[in-house]
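Morning, everyone. I have one structure to go through, and I will keep it brief. Please look at the screen.

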Amino acid sequence: MIATATATASAFTFETKSLLAKLLATENITMQHNPSVTTAYFDIKQRLLVLPVWQNISEDLYDLLVVHEVGHALDTPPSADILKNAIESIDAKNPRGSKMFLNVVEDGRIEKLVRRRYPGMRRSFSLGYKELLDRNFFGTAGRSIKSYKLIDRINLHLKLGSAMIIDFTPAERKLVEMAENCETFQDVVNTAQAIYK
């Protein structure tokens, strides 16, 4: 479903953001809006960037979603076999949980790489994540961060940075630093394994 997106501060069109995504990804990816999804994702096989239909989002948040998924187009291995093997190496008996751990660490890596590649997007990432936090996208309102599992706290730390101060024990801090320092997909796999264990 192709739709026109509107922002509170300024109007922007689906067509212009779709062109931006193609230019940043350096390939002819397809972009869609889908009202039945709750968050953005990139289908590595079909080279399809899917965005949720949210009301009254800022252009910074929209750009965050697009550029985050472009990061997957650029840097996440496009092979389903590579991803399947990575998930199984974490815990073959728990593919859903393993995939979540892998995704958290991979999200941190691809965002670091895309911010490095497109430094002008740093502001949009910062403002976009603040907007998600204000919208309670992460479910943090009225909830103690200490009650979150380690992987969820690492996810918040990697995405929100200084917008939310999260305490980690010294042992947890080593795992956080591993996640922050991932450069390759193999680094991601090794770090996800270590956090999972």
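What percentage of the 197 residues in the protein do buried residues make up? The figure is 49%, where buried means under 20% relative accessible area with a 1.4 Å probe, protein chains only.

Some ground rules. This is a predicted model, where local features need pLDDT of at least 70 and side-chain atom pairs count only at pLDDT 80 or more, while totals for chains, interfaces and linings use all residues. Residues are numbered from 1 along each chain as its sequence is written, and side-chain values use heavy atoms, with hydrogens and water left out.

Next, the elements. The protein has eight helices and three strands, taken as DSSP runs: H or I of at least four residues for helices, E of at least two for strands, numbered from the N terminus. Their order from the N terminus is α-β-β-β-α-α-α-α-α-α-α.

Now the inside. The largest nonpolar core has 54 residues; such a core is a set of buried Ala, Val, Leu, Ile, Met, Phe, Trp, Tyr and Cys residues joined through side-chain atoms within 4.5 Å. Helix H2, residues 59–75, gives the most to this core, with eight residues. Leu49, Leu102 and Ile154 touch the most other members. Leaving aside neighbours within four places in sequence, the contacts of Leu102 (heavy atoms within 4.5 Å) include Leu83, Ile90, Phe185 and Ala192.

Across the protein, 56% of the contacts with a separation of 6 or more are between residues 24 or more positions apart.

Last, the extent. Along its principal axes, the C-alpha trace spans about 45 × 40 × 30 Å.

Notes. Buried means under 20% relative accessible area, exposed over 50%, partly exposed in between (1.4 Å probe, protein chains only).
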